[in-house]
Amino acid sequence: MKTNKDEYKWVPLERVGKFFLDTPCANYDIEKVITPLDDPVTGSGIYETDIQGIYLFEEDGIIGSIECDKQFFFKNFNFIGMNIKQAISILGSEPSTIDKLILYGDSPNDDKLNIIYYFDNVGLELWCVDDQVDTAIAEGKCEDE
């Protein structure tokens, strides 16, 4: 399967592909394009998009973050599967915070140590397992900025 890089292209603090942060979910054809899921932990709505591996997280109808677990392109590089040191080099900045977390469940990387690298200056979280980027989460501008 050939990847359309534009569908997964990240523009920091703005969008991933055609999905814009800090915009209403109603901007998208929800019935046709997006299927709502429930998140009992955060209370946020999660939408599975028509593009494989892209999920929208909304609060009060506004897209707050975009999760990618198949492809995530920045500067023509796909961060998913990339070594975290290479990703940091491409980003050109060190993480503002690093957390460690073990998830328990049915996903392939559950029950493994996840290291989360936060890049607040560009609104990005990189979730890594065994030093490889597993998931990228793009976020909009923080309200306190």
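Two strands pair if DSSP finds at least two bridges between them. Helices (H or I, at least four residues) and strands (E, at least two) are DSSP runs, numbered from the N terminus. By these criteria β11 and β12 form a hairpin with four residues between them, and glycine 123 in the turn has a positive phi of about 65°. This is a predicted model, in which local features need pLDDT of at least 70 and side-chain atom pairs count only at pLDDT 80 or more, while totals for chains, interfaces and linings use all residues. Residues are numbered from 1 along each chain as its sequence is written, and side-chain values use heavy atoms, with hydrogens and water left out.

**Strand β12 and its partners**

- β11 (113-119) and β12 (124-129) run antiparallel and are joined by five bridges; tyrosine 118 has glutamate 125 of β12 as its bridge partner.
- On β13 (residues 132-139), isoleucine 137 stands opposite glutamate 125, and six bridges join β12 to β13 in an antiparallel arrangement.
- The hairpin of β12 and β13 has two residues between the strands, and aspartate 130 takes a positive phi near 55° there.
- Six of the six residues of β12 are buried, where buried means under 20% relative accessible area, exposed over 50%, and partly exposed in between (1.4 Å probe, protein chains only).
- Leu124, Leu126 and Cys128 point one way from β12, and Glu125, Trp127 and Val129 point the other way. In a regular strand the side chains alternate between the two faces of the sheet.

- Strand β5 (residues 45-48) pairs with β6 in the antiparallel sense over four bridges, and isoleucine 46 stands opposite phenylalanine 57 in β6.
- Five residues lie between the strands in the hairpin of β5 and β6, where glycine 53 takes a positive phi near 85°.
- β6 and β7 pair in the antiparallel sense over six bridges, with isoleucine 54 opposite cysteine 68 in β7.
- The hairpin of β6 and β7 has two residues between the strands, and aspartate 60 takes a positive phi near 55°.

**The open sheet**

- Three strands form an open sheet in the order β1-β2-β3, with antiparallel pairing. Because β1 (10-11) and β3 (19-20) stand at the edges, each with a single partner strand, one side of each is left without a neighbour in the sheet.
- Two bridges pair β1 with strand β2 (residues 15-16) in the antiparallel sense, and the bridge partner of valine 11 in β2 is arginine 15.

**Nonpolar core**

- A nonpolar core is a set of buried Ala, Val, Leu, Ile, Met, Phe, Trp, Tyr and Cys residues joined through side-chain atoms within 4.5 Å. Of the 35 residues in the largest one, Trp10, Ile54, Ile66, Phe72, Phe79, Leu124 and Leu126 touch the most other members.
- Elements that each supply at least two residues of this core include β6 (54-59), β7 (62-68) and α2 (84-91); α2 gives the most, with five residues.
- Not counting residues up to four places away in sequence, leucine 124 is in contact with residues including Trp10, Phe72, Leu91 and Ile137, where contact means heavy atoms within 4.5 Å.

**Alanine 138**

- Alanine 138 lies in strand β13 and is buried, with a relative accessible area of 0%.
- Beyond its neighbours within four places in sequence, alanine 138 is in contact with residues including Trp10, Val16, Phe72 and Gly123.
- Alanine 138 and valine 16 are 122 residues apart in sequence and 7.5 Å apart in space, C-alpha to C-alpha.
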